[in-house]
Amino acid sequence: MAEENLSAVLYGVNDIRLEQREVPIPAANQLLISVNTVGICGSDVHFWKNGAIGNFVVKEPMVLGHETCGTVAGVGAHVKGFSVGDRIAIEPGIPCRECEYCKIGRYNLCPEVKFFATPPTHGSLARYIVHDADFCYKLPDGVTSEEGALLEPLSVAVHACRRAQVQMGQRILVQGAGPVGTLCMMTARAAGATQVVITDLNPGRLELAKKLGADHTICVE
């Protein structure tokens, strides 16, 4: 078992420190994960620069990061279907499993959800983390670690397109060509939209969106 767990810990505004923490021990329903790749989300940057997002305030040291891909390094006693060495992506929010939203399958709306890198819950910018096995997903061999880490923001784009009821043959406007907006554009295209237009203030982002499949880009600056 590894003894070192280098972690990126946010102590306050503009105060991130690299420090060694104990390697966590998985509970019976959890996996120990050796982290391979973590994306930097806008929420990570916001906590770093502002120390808070709405009512979520960093009051004590917190490990950042939630867009995560890793390799199983240990398996809890009651976990089935996973083995050491499996490559996985994680769903970073653990709901209560008991409220009305959880019971009807809309657990993303659970008011008691514990979400990585949202105070007071630690995130995944560390060598090792533990996570509930039923919120971990095996990756096919053809998916890279970087792509695996992008599955969390991709799920946001898929959810957005489902809520918008994007269908084959439609023309779609996406406002904002940041990472999630660009993923929404790509997801809409994959869902059958025949024309996708995307807007942004940043010409560089629009140039990338064009390369990734946008039919038209509009700089609104």
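1. Where is the place of alanine 117? Alanine 117 sits in the loop between β10 and β11; helices (H or I, at least four residues) and strands (E, at least two) are DSSP runs, numbered from the N terminus. Its phi is positive, about 60 degrees, although alanine 117 is not a glycine. With a relative accessibility of 1%, alanine 117 counts as buried, where buried means under 20% relative accessible area, exposed over 50%, and partly exposed in between (1.4 Å probe, protein chains only).

2. A word on the basis of these notes. The model is predicted, so local features need pLDDT of at least 70 and side-chain atom pairs count only at pLDDT 80 or more, while totals for chains, interfaces and linings use all residues. Residues are numbered from 1 along each chain as its sequence is written, and side-chain values use heavy atoms, with hydrogens and water left out.

3. Please look at the loop between β10 and β11 (128–132) again, where proline 120 lies. The peptide bond from proline 119 to proline 120 is cis, with omega near 5 degrees. As background, most residues other than glycine have a negative phi, and most peptide bonds are trans.

4. Arginine 97 counts as partly exposed, at 38% relative accessibility.

5. Which residue does the side chain of arginine 97 meet in a salt bridge? The partner is aspartate 134, at 2.9 Å, N to O; a salt bridge here is a side-chain nitrogen of Lys or Arg within 4 Å of a carboxyl oxygen of Asp or Glu. This pair links distant parts of the chain, 37 residues apart: aspartate 134 is in the loop between β11 and β12 (136–138), and arginine 97 in the loop between β9 and α2. Aspartate 134 counts as partly exposed, at 45% relative accessibility.

6. The structure holds 7 salt bridges. Another of them joins arginine 17 to aspartate 15, with the closest N and O atoms 2.9 Å apart. Arginine 17 is partly exposed at 38% relative accessibility, and aspartate 15 is partly exposed as well, at 26%.

7. On helix α6 (residues 203–211), lysine 211 and glutamate 207 lie 4 residues apart, about one turn of the helix. Their side chains meet in a salt bridge (3.9 Å, N to O). Lysine 211 is exposed, with a relative accessible area of 65%, whereas glutamate 207 is partly exposed at 47%. Elsewhere, salt bridges that share partners join Arg97, Asp132 and Asp134 into one network.

8. How much space lies in the largest pocket? The figure is about 1,200 Å³. On a 1 Å grid over the protein atoms alone, a pocket is an open set of points where a 1.4 Å probe fits, with protein on both sides within 12 Å along at least five of seven lines, and lining residues have an atom within 4 Å of a point. The volume is the space filled by probe spheres set on the points, which are joined across faces, edges and corners.

9. Of the 45 residues lining the largest pocket, Pro92, Phe115, Glu152, Ser155 and Val156 are the closest to its centre. Elements that give two or more residues to this lining are α1, β8 (87–90), β10 (114–115), α4 (151–163) and α5 (179–190). The largest share, 7 residues, comes from α4. By type, the lining divides into 26 nonpolar, 11 polar and 8 charged residues; Ala, Val, Leu, Ile, Met, Phe, Trp, Tyr, Cys and Pro count as nonpolar, Asp, Glu, Lys and Arg as charged, and the others, Gly among them, as polar.

10. Finally, the surface. Ile16, Ile40, Val45 and Trp48 form a nonpolar patch with about 340 Å² of accessible area together. Patches are made of residues with over 30% relative accessible area and no salt bridge, with like charges joined within 9 Å and nonpolar side chains (Val, Leu, Ile, Met, Phe, Trp, Tyr) within 5 Å; areas come from the Shrake-Rupley method with a 1.4 Å probe, and for residues only the protein chains shown count as cover.
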